[in-house]
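This report describes two local sites in one model. The sequence and structure are shown first.

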Amino acid sequence: MTVQRIYDTVADDFSRVNDLIIQRLSSDVPLVEKIAQYIIESGGKRLRPLLVLLSSQAAGYTRDDHLKLAAVIEFLHTATLLHDDVVDTSDMRRGRSTANARWGNAPSVLVGDFLYARAFEMMVELESLPIMNVLSHATAVIAEGEVMQLMNVKNPDLTEAQYMQVIHNKTAMLFEAASHTGALLAGANDSQERALRDYGKHLGLAFQLVDDVLDYRGDAETMGKNVGDDLAEGKVTLPLIHAMAQGTDEARQLIRQAIRKGGLDDLSDILALVETSGALEYTMERARAEASKASDCLTQLENSPYRTALEQLTEVAVARVS
């Protein structure tokens with residue numbers, strides 16, 4: 001199954017979600033609407049709303065509120081992107097200038113706040129306290145993940161366990177919330193609810209770990225950002241952690257200095273070290289293990305095209321690099 005065929009499983013619903021997103025971006029303040037539309041329409045895959053659509057229907061949902069829930073998840077995600085780019089002083093995302101590069105930091109932060117507020121307005125309209133509980137908790141955890149990452153910028157002593165906690169909070173949490181709330185909306189039984197919650201968590205971890213590999217092996221055209229951007233920002237990811245653990249004292253010192261310094265002066269040397277140390281292969285092994293755990297969760301669901309699409313999504317997660 002190709003990526004497009006996964007989306008085709010919910011093509012009509014996906015189109016309706018896109019229409020709802022544009023409709024609910026409406027604002028009496030022109031700049032709010034302009035920035036929000038710019039970031040929403042910037043070419044993202046919308047994996048998280050896709051998870052809502054697939055998870056809810058894999059659990060038997062047949063009504064229309066999954067469209068609103070999918071839009072809520074996309075608004076939450078977009079708000080975090082706006083804030084992330086300001087914190088990271090990023091000027092490129094998905095191959096385009098970031099909102100903060102075009103309009104400045106203050107408008108980007110404030111429009112991110114608007115999107116959070118709009119998401120919670122729509123969340124209330126769903127009239128489900130369990131869903132509100134999951135999403136409000138997820139929003140807090142994601143913010144904590146951002147702070148954890150910020151605290152560890154240029155910290156070469158970050159451990160693998162600490163790093164996995166950061167990416168769970170920062171990235172996997174919204175995947176988890178998307179599939180979990182899809183199950184809640186469908187009224188899934190306890191075992192299916194847990195299965196879909198855990199599916200999202202493991203899938204999110206797999207996607208982030210592959211992104212870590214792509215930061216050292218990808219290219220700007222396919223990634224929408226430059227190779228080595230994480231290193232340039234002083235972000236410690238799993239390939240660097242593993243390369244330091246496996247490398248010589250000289251290699252370890254070079255990586256530690258590059259992390260502390262930031263920038264790309266030592267990029268070619270670091271690229272060589274993460275390749276020769278087996279760090280990228282190790283990170284891919286971890287990603288494949290998380291994808292396998294996600295797939296295993298789906299045994300709790302009845303066979304359906306939606307379950308099949310969720311299974312194939314675990315393969316897509318780790319197929320982005322050879």
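## A histidine in helix 10

His 202 is found in helix 10. The model is a predicted one, and the values below are computed from it. The relative accessibility of His 202 is 13%, so the residue counts as buried, the cut-off being under 20%.

The side chain of His 202 forms a polar contact of 2.7 Å with the side chain of Glu 290. Leaving aside residues up to four places away in sequence, His 202 touches Glu 290, Lys 293, Ala 294 and Cys 297.

## Burial of helix 13

Helix 13 spans residues 238-246 and is mostly covered, with seven of its nine residues buried. These buried residues are Leu 238, Pro 239, Leu 240, Ile 241, His 242, Ala 243 and Met 244.

The packing partners of these buried residues are helix 9 (160-186), helix 10 (190-217), helix 12 (229-232), helix 14 (249-261), helix 15 (267-276) and helix 16 (279-297).

## Helix 13 against helix 14

Two packed helices are described by the angle between their axes and the distance between the axes. For helix 13 and helix 14, the axes come within 8 Å and cross at roughly 150°. Helix 13 is therefore roughly antiparallel to helix 14, since angles over 145 degrees count as such.

On the helix 13 side, the contact involves Leu 240, Ala 243, Met 244 and Ala 245; on the helix 14 side, Arg 252, Ile 255, Arg 256 and Ile 259. By class, this contact has six nonpolar residues, two charged residues and no polar ones.

Definitions and conventions: Residues are numbered from 1 along each chain as its sequence is written. This is a predicted model: local features need pLDDT of at least 70, side-chain atom pairs count only at pLDDT 80 or more; totals for chains, interfaces and linings use all residues. Side-chain values use heavy atoms; hydrogens and water are left out. Buried means under 20% relative accessible area, exposed over 50%, partly exposed in between (1.4 Å probe, protein chains only). Helices (H or I, at least four residues) and strands (E, at least two) are DSSP runs, numbered from the N terminus. Contact means heavy atoms within 4.5 Å. A polar contact is a pair of N or O atoms within 3.5 Å; within protein, one must be able to donate a hydrogen and the other to accept it, and residues adjacent in sequence count only if both atoms are side-chain atoms. Axes are lines fitted to C-alpha atoms, for helices over the stretch in contact, and angles run from 0 to 180 degrees between N-to-C directions. Angles under 35 degrees count as roughly parallel, over 145 as roughly antiparallel, 65 to 115 as roughly perpendicular and the rest as oblique. Ala, Val, Leu, Ile, Met, Phe, Trp, Tyr, Cys and Pro count as nonpolar, Asp, Glu, Lys and Arg as charged, and the others, Gly among them, as polar.
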